[in-house]
Amino acid sequence: MALTCLAVLPVMAPAQQPSCRQQAISKRRQKGKTMKTIINTWLGAAVLAISVTSAVRADVAHDCGRMQSTKFAPPGDAATLRIDSVTLVAAANGLPQYCEVVGHLDRGVVLYASGIPYEGIGFKVKLPVASSWNRKLLMSGGFNFAGSFDDVGPDLLFGLGRGYATAATDAGHDGEASANLYNRADGSAVSAEKLRNNAHRGVHLTVLTAGMLLRAFYGEPAVHSYFEGCSRGGIQAMMAAGTYPDDFDGVIAISPGVLTGLGHGDRVWNSRAMFPGGPSDQVLPDAKVPLLASAVLDRKSTRLNSSHANISYA
């Protein structure tokens, strides 16, 4: 690039006037100082950005760890609240970085006449980092007789991927089968309190707990809370709306397995037919169930082979 030099300086004596060469050198020196300033500023900004990123990561880890050390008061009418584990999960597979909090309510409380401690109402809450949170909470229901967190995984991961904080509960027992809800190790009748937890109290206390965790983690409550569930989860959605209408701003009840009076009557009739003399008087003893199953499958196989010989089943 050509340097234009203006040599006319009437206020100075001719001997004092800088030459074009001197002015060019001065310009280059000034330009060098400017570039050095720009480079130093850029490096400083880069170091600052790295420092801020590291500080943010440290803050997230600190905030997540604080969920373990904070003493939360039991919500509602719960007797105890215990945080079992807190895990900071890295962003992956389209999901943001989040803090997973697992715990129990009422664990160790004696609900049974035998004095056996209650296993408690389990809950799992996932808190996306503040930059990814949409300021909403999504709770998802279970299937069968509830009793686990894994069966609600897809729904909760879908919500987590869209920025929702998510929550789930085992509804007060471990395992989806009815035996895990109704049967007990000591053979005595199940506690009515445990049935109440499964019916509606577990969901209610879990969403209250999630609200406390959100306020502690983000410093503010969710602007909206929703519940979504299918089958058993659909029942939980309807029970939540009818029993605790202030818990959620909206519920999605998909295929709720709500039994009508006729449905209950059918079950009573079937039970009386299969156990005419009570639980110990079975029309079909347990030992003969495999025999019946084998006969049905053999009959079905024979009919398929004779009636659908030309049909190919993938």
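Colleague: Why is M274 called partly exposed?

Modeller: Its relative accessibility is 37%. Buried means under 20% relative accessible area and exposed means over 50%, with partly exposed in between (1.4 Å probe, protein chains only), so at 37% M274 counts as partly exposed. Keep in mind that this is a predicted model, where local features need pLDDT of at least 70 and side-chain atom pairs pLDDT 80 or more, while totals for chains, interfaces and linings use all residues. Residues are numbered from 1 along each chain as its sequence is written, and side-chain values use heavy atoms, leaving out hydrogens and water.

Colleague: Where does M274 sit, and what patch is it part of?

Modeller: M274 belongs to helix 6, residues 261–274. Together with F275 and V283, M274 makes a nonpolar surface patch of about 260 Å². Patch residues need over 30% relative accessible area and no salt bridge; like charges are joined within 9 Å, nonpolar side chains (Val, Leu, Ile, Met, Phe, Trp, Tyr) within 5 Å. A salt bridge, by the way, is a side-chain nitrogen of Lys or Arg within 4 Å of a carboxyl oxygen of Asp or Glu.

Colleague: How many helices and strands does the chain have?

Modeller: 7 helices and 7 strands, in the pattern α-β-β-β-β-α-β-α-α-β-α-β-α-α. They are DSSP runs, numbered from the N terminus: helices are H or I with at least four residues, strands E with at least two. Of the chain's 314 residues, 32% count as buried. The accessible surface comes to about 19100 Å², 59% of it on carbon and sulfur atoms; the Shrake-Rupley method with a 1.4 Å probe gives such areas, and for residues only the protein chains shown count as cover.

Colleague: What makes strand 1 and strand 7 edge strands?

Modeller: Start with the sheet: it is open, has 7 strands in the order 1-2-3-5-4-6-7, and its pairing is mixed. Strand 1 (81–89) and strand 7 (250–254) each pair on one side only. Neighbouring strands are turned by 15° against each other on average, direction ignored.

Colleague: How do you know that strand 1 and strand 2 pair?

Modeller: Pairing takes at least two DSSP bridges between two strands. Strand 1 and strand 2 (residues 98–105) are joined by 8 bridges and run antiparallel.

Colleague: What does T80 touch?

Modeller: Leaving out residues up to four places away in sequence, T80 touches P74, H104, L105, D106 and R107. T80 is in the loop between helix 1 (20–69) and strand 1. T80 and D106 are 26 residues apart in sequence but 4.8 Å apart in space, C-alpha to C-alpha.

Technical notes
Axes are lines fitted to C-alpha atoms, for helices over the stretch in contact, and angles run from 0 to 180 degrees between N-to-C directions. Contact means heavy atoms within 4.5 Å.
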